[in-house]
Amino acid sequence: MFDTLQDRLAATFKNLRGKGRITDADIDTTAREIRRALLEADVALAVVKDFISAIRERARTAELSGALNPGQQIIKIVNEELINVLGGETRTIRFAKRPPTVILLAGLQGAGKTTLAGKLAYWLKEQGHSPLLVAADLQRPNAVDQLQVVGQRAGVQVYAPEPGSGVGDPVKVARDSIGEAERKLYDVVIVDTAGRLGVDAELMQQASAIRDAVNPDETLFVVNAMIGQDAVNTANAFADGVGFDGVVLTQLDGDARGGAALSIAKATGKPIMFASNGEKVGDFDLFHPDRMASRILGMGDMLTLIEQAEKTFDAEQSAKAAAKLTSKGGGEFGLSDFLQQMQMVRKMGPLSKIFGMLPGMGDMKDQIAGIDEREVDRIEAIIHSMTPAERDNPKIIDGSRRARIARGSGVEVSAVNSLVTRFFEARKVMSQLANGKGMPGMPGMPGMPGAAKRPAAKQGKKGKKGKKVSGNPAKRAAAAKGQDQQQAVDPAAAFGAGMDQEQLEQAIKDFQLPPGLGKMINNQGK
């Protein structure tokens with residue numbers, strides 16, 4: 001969603017690099033470019049004016065830090081002001097002292113309230129709560145059925161005494177749900193209300209009546225992040241007519257310009273509390289203004305990535321894999337271990353999303369977007385076609401075994417050869433990192449953008465293993481083609497782009513990326 005804004009800001013800050021002193025003219029030029037970038041992102045004009053004014057004032061009056069050059073100081077100011085625009089601090093649900101806590105969802109039709117209700121219930125369930133979903137949207141056709149399906153996916157109960165589709169009293173349903181929760185000991189009640197295609201008096205009256213009936217502890221305004229500045233107008237209308245305590249953004253993974261996310265908190269004075277960024281019931285998180293600002297400025301989001309890894313990874317299995325990497329030069333780490341780690345990474349979400357959270361990936365968006373998820377399926381098929389002995393010790397995989405594995409997995413023998421070769425290379429790299437020997441081959445690794453290519457073998461001369469290049473033109477061309485495939489740029493291996501060796505090693509220590517994943521996933525076989 002923020003790709004265009006991120007690119008424009010990156011280009012603006014690039015002009016400040018290397019300057020020993022920032023003049024008033026530089027500040028004005030930078031502010032003008034940031035203003036243009038925000039307006040193109042569909043940020044509300046009033047928000048843009050306040051934002052630019054604050055940046056200009058701080059840039060001209062701030063004392064420069066000795067640890068930062070003037071360009072970095074401007075970026076720091078922009079980052080802090082972005083955090084302020086996005087709400088400042090992370091805000092979560094205020095639970096009632098006496099259960100149940102009542103959460104009322106309001107918003108326009110199509111904002112994703114029903115799906116969001118299921119995601120919120122699932123998130124609360126993971127936090128140890130016992131939520132109850134309430135079907136108080138009795139106007140939209142099949143809204144009750146949809147909530148029941150969503151509740152089933154989330155593994156939570158749904159209170160739906162009325163069939164809906166125009167039948168039933170939503171105020172009575174909402175009121176009765178409180179007694180139902182008290183009787184059955186649910187500690188959180190989430191009320192899904194009806195929406196309209198636009199703001200109207202009937203919608204406001206019904207939402208106000210439900211609010212008065214249940215006296216909610218939290219009223220959350222659900223808004224689609226892709227509707228741009230109109231989100232601010234709708235939010236202000238709901239604030240005046242019903243009132244709300246916080247905002248939930250849906251479809252934050254869309255391709256719109258992101259103006260709603262950057263406008264709504266500042267314009268309404270209400271915090272963005274949650275963000276939904278996918279179709280799965282678990283694609284729902286607390287909204288952290290500082291982390292979102294970091295993403296917009298292309299600095300990654302390692303904290304969110306680490307949190308997702310902690311929820312997904314099995315600590316015992318990861319410890320065993322790490323122990324294998326540190327012993328005997330990594331020789332005990334086999335393809336079974338790699339497959340296990342790779343499958344845990346896939347549970348975190350699409351690889352493009354995971355790598356996009358890493359620092360320094362702003363310049364690699366095209367390569368990251370081009371990661372072929374189907375290649376992971378091919379790798380799994382190849383490994384599953386091996387015997388347990390072959391997975392534990394890939395060195396025994398000779399020519400006949402590779403042919404059998406290729407037939408079993410439905411790929412060419414060259415794909416098996418490539419997988420085994422890349423696995424050995426990745427295992428060596430990760431073993432050296434695990435043993436504290438640093439990143440070999442920096443500043444470029446084979447398969448990483450910017451890496452120095454291996455020198456091509458000269459015809460008629462022996463290589464390290466005494467092999468000669470064929471004199472047959474056809475065979476020589478085939479060999480060259482195979483070498484080019486092995487040296488193809490690997491988008492997923494771009495971990496660490498834009499960082500020096502110390503920063504890269506620290507990032508890897510902070511986030512235990514499964515061994516060799518970046519070396520194993522690429523676009524070969526497309």
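**Burial, pairing and backbone angles in a predicted model**

Trainee: Why is N142 called partly exposed?

Mentor: This is a predicted model, and in it N142 has a relative accessibility of 48%. Buried requires under 20% and exposed over 50%, so N142 falls in between and counts as partly exposed. The residue sits in the loop between β2 and α6 (143–154).

Trainee: What makes the phi of N142 worth noting?

Mentor: Its value is positive, about 65°, although N142 is not a glycine. Most residues other than glycine have a negative phi. L185 also has a positive phi, near 65°, and is likewise not a glycine. L185 is placed in the loop between α7 (170–184) and β4.

Trainee: Is L185 buried or exposed, and how do you know?

Mentor: The relative accessible area of L185 is 69%. The cut-off for exposed is over 50%, so L185 is exposed.

Trainee: Which peptide bond is cis, and how do you know?

Mentor: The bond joining P99 and P100 is cis, with omega at about 5°. Most peptide bonds are trans. P100 belongs to the loop between α4 (70–85) and β1.

Trainee: Why is E390 called buried?

Mentor: E390 has 0% relative accessibility, and buried means under 20%, so the term applies. The residue is part of helix α18 (residues 388–392).

Trainee: What makes polar contacts with the side chain of E390?

Mentor: One partner is the side chain of R404, at 2.8 Å. A polar atom of the E390 side chain also lies 2.9 Å from the backbone nitrogen of T387. The limit for a polar contact is 3.5 Å, and both distances are within that limit. Not counting residues up to four places away in sequence, E390 touches I396, I397, R401, R404 and I405.

Trainee: How do you know that the length of α17 agrees with its residue count?

Mentor: Helix α17 (residues 373–384) has 12 residues, which at 1.5 Å a residue should span 16 Å.

Trainee: Which residues of α17 are buried, and where do they lie around the helix?

Mentor: The buried residues of α17 are E375, V376, I379, E380, I382 and I383. Viewed down the axis of α17, they fall within an arc of 160°, so they line one face of the helix.

Trainee: Why is β4 called mostly covered?

Mentor: In strand β4 (residues 188–192), 5 of its 5 residues are buried. V188, I190 and D192 point one way from the strand, V189 and V191 the other way, and all are buried.

Trainee: How do you know that β4 pairs with β1 and with β2?

Mentor: Pairing needs at least two bridges. Strand β1 (residues 101–106) is joined to β4 by 5 bridges, and the two run parallel. Strand β2 (residues 131–135) is also joined to β4 by 5 bridges, again in parallel. Both pairs therefore meet the requirement. V189 in β4 is the bridge partner of V102, and L132 stands opposite V189.

Trainee: What makes I34 stand out in the largest nonpolar core?

Mentor: That core has 52 residues, and I34, F51, V78 and F238 touch the most other members. Leaving aside neighbours within four places in sequence, I34 is in contact with L9, T12, F13, F51, I52, I55 and V78. A second, separate core of 41 residues includes I93, L105, A136 and V214.

How values were computed: Residues are numbered from 1 along each chain as its sequence is written. This is a predicted model: local features need pLDDT of at least 70, side-chain atom pairs count only at pLDDT 80 or more; totals for chains, interfaces and linings use all residues. Side-chain values use heavy atoms; hydrogens and water are left out. Helices (H or I, at least four residues) and strands (E, at least two) are DSSP runs, numbered from the N terminus. Buried means under 20% relative accessible area, exposed over 50%, partly exposed in between (1.4 Å probe, protein chains only). A polar contact is a pair of N or O atoms within 3.5 Å; within protein, one must be able to donate a hydrogen and the other to accept it, and residues adjacent in sequence count only if both atoms are side-chain atoms. Contact means heavy atoms within 4.5 Å. The expected span of a helix is 1.5 Å times one less than its number of residues. The arc is that of the directions from the helix axis to the C-beta atoms. A nonpolar core is a set of buried Ala, Val, Leu, Ile, Met, Phe, Trp, Tyr and Cys residues joined through side-chain atoms within 4.5 Å.
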